[in-house]
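Hi everyone, thanks for coming along. Let me put the structure up on the screen, and then I'll talk you through it.

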Amino acid sequence: MRVCLICEGSYPYVPGGVSSWVQMLCNQFQDVEFVVWAIATTREEMPEYKCRVPDNIKEIQTLYLGDVVFKKTGHKVRLTRAEKETLKGLLIGSMDTINWSGVLELAKQHRQHLCDLLMSESFFDICVEEYHRLQSRKVFLQFLWNFRGIYFPLMYTLSQEIPKADIYHAVSAGYAGILGSCASYTEGVPLILSEHGIYTREREEDIIRSDWVEGEFKEPWIAFFKKLSFTAYQQSSVVTTLFETNRSLQIELKCPPEKIAVIPNGVNVRDFDCCLDKKEGGPVTLGTVLRVVPIKDVKTMLLAFDIVKRAVPEARLKIMGNCEEDPVYYQECVEFLEELGTRDVEFLGLVNIKEHLPEVDLLLLSSISEGQPLAILEGMAAGIPYVTTNVGDCRALLEGEREDDHFGSAGLVVPVMNSEAMAQAILRLIRDPERMRRMGQAGRKRVEAYYSRQDMLDAYRGIYERLGEKSHGRNRI
């Protein structure tokens with residue numbers, strides 16, 4: 001069986017997060033041949049692999065979005081009336097009326113000249129119509145080029161050569177999802193879409209907060225990403241998600257409920273037995289496992305630690321994880337610490353966390369958006385309690401959500417971007433070692449009972465085998 005994993009902004013160029021999940025899947029399924037179709041930004045930003053590539057990944061095909069320069073002249077594309085209506089629906093139609101199969105057929109028929117569509121008369125006429133409908137106050141030329149800016153990365157992405165596979169497996173929606181949809185439709189083989197977070201919601205939050213999208217164009221950008229997800233949901237044979245709340249969000253975004261499989265993340269608790277022998281005495285040590293990027297809101301954590309440090313001067317903080325993904329934000333965090341004058345904070349970078357977790361009394365997560373963090377499951381498997389923000393599935397992981405779950409709390413949940421609340425939660429726990437011990441035990445038992453890595457692998461193995469039979473091994477080598 002040959003599976004093409006489609007990764008956007010992650011494997012193999014960005015370690016941690018989704019990349020760790022991809023690495024684990026490939027390592028565990030040694031009898032499966034994988035191809036990785038990576039969507040990267042630029043060769044300068046992502047110059048080299050940051051993950052050790054296992055032998056059963058037979059090929060890595062990278063699509064660099066920064067490689068191409070938009071050309072104002074090119075091949076003249078002639079569309080049929082039906083194709084013009086399909087293009088219009090994609091550009092300015094509502095998500096409910098978009099002809100998703102027509103979009104994929106359009107991409108199939110005009111794959112080599114999709115970017116030229118943006119300079120076509122059809123595209124121009126559609127933009128004129130939308131310009132008048134919105135009664136835009138922008139100069140039309142600015143309006144036109146903003147629309148081209150929205151759709152150019154999509155057209156460029158869909159114009160690429162498609163690697164052969166028995167199954168396409170997109171590990172996010174967005175560009176990866178639509179690329180997988182196009183490949184699945186063109187090659188006539190199944191697509192799996194795995195969402196660790198809800199891509200559309202994450203992009204919506206990014207766009208609302210962004211400075212690079214002007215106010216009038218925020219809604220078209222948000223609508224664009226919703227259409228990408230909608231098309232991927234329709235084309236997929238199976239859509240996997242990590243927990244029930246995300247399943248509800250996918251249904252709200254028009255994913256057919258019968259396609260959705262809830263497959264939680266999983267870990268092998270035995271792998272963390274080495275972390276159970278805790279250090280005796282010494283200063284209170286807090287820890288966090290994360291990528292140092294804005295969505296993790298490291299600055300709120302640092303401010304919370306500064307408050308803790310004033311109350312417990314001997315406290316320390318170990319930050320474990322990639323510091324290179326966003327060098328500007330990392331430098332901002334370092335300078336923020338200097339402004340605060342807070343000592344005893346270590347940025348350890350990428351390390352073997354099992355070597356450091358035995359020293360950690362309490363783990364922290366301050367994210368403003370999450371799915372079901374593998375870092376929390378690993379910390380719970382190591383018997384360490386958590387203080388985390390109320391995002392994604394964090395509350396359910398720490399407090400339990402099943403009727404038969406009587407293990408008790410594995411930590412405390414605090415509001416997003418509230419350093420004072422996080423600091424007070426940390427202080428309550430470190431002043432009550434016995435409570436922390438009980439929480440650590442509860443977390444380990446919950447992971448062992450409900451978040452088994454083997455259960456997760458068995459679920460994906462079953463999906464691969466079922467869908468692989470449908471493709472009849474047509475692209476096996």
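Okay, let's begin with salt bridges: there are 27 of them here, where a salt bridge is a side-chain nitrogen of Lys or Arg within 4 Å of a carboxyl oxygen of Asp or Glu. Before I pick out a few, please keep in mind that this is a predicted model, so local features need pLDDT of at least 70, side-chain atom pairs count only at pLDDT 80 or more, and totals for chains, interfaces and linings use all residues. Also, residues are numbered from 1 along each chain as its sequence is written, and side-chain values use heavy atoms, with hydrogens and water left out.

One of the bridges pairs Lys88 with Glu129, with 3.0 Å between the closest N and O atoms. This one ties together distant parts of the chain: Lys88 sits in helix H2 (residues 81-92) and Glu129 in helix H4 (residues 121-134), 41 residues apart. When I say helix or strand, I mean DSSP runs, numbered from the N terminus: H or I with at least four residues for helices, E with at least two for strands.

The cut-offs are under 20% relative accessible area for buried, over 50% for exposed, and partly exposed in between, using a 1.4 Å probe and protein chains only.

Next, have a look at Glu448 and Arg270, whose side chains meet in a salt bridge at 3.1 Å, N to O. Here the partners are 178 residues apart: Glu448 is in helix H15 (residues 433-450), while Arg270 is in the loop between strand E7 (260-262) and strand E8 (285-289). Glu448 is partly exposed at 42%, and Arg270 is partly exposed at 44%.

Glu434 comes out partly exposed at 37%, and Arg437 is partly exposed at 41%. Going back to Arg270 and Glu448, salt bridges with shared partners join them with Asp273 and Arg444 into one network.

Now for a couple of other residues. Ser419 lies in helix H14 (residues 419-430). Why does Ser419 count as buried? Because its relative accessibility is 14%. Leaving out neighbours within four places in sequence, Ser419 is in contact with Thr300, Leu303, Ala304 and Ile307, contact meaning heavy atoms within 4.5 Å.

Val351 is in the loop between strand E10 (345-349) and strand E11 (362-365). Val351 is partly exposed, at 31%, and touches Met320 and His356, again not counting residues up to four places away.

Let's zoom out to finish. In total we have 16 helices and 13 strands, and buried residues make up 56% of the 477 residues. Of the contacts between residues at least 6 apart in sequence, 75% join residues at least 24 apart. Along the principal axes, the C-alpha atoms fill a box of roughly 75 × 55 × 40 Å.
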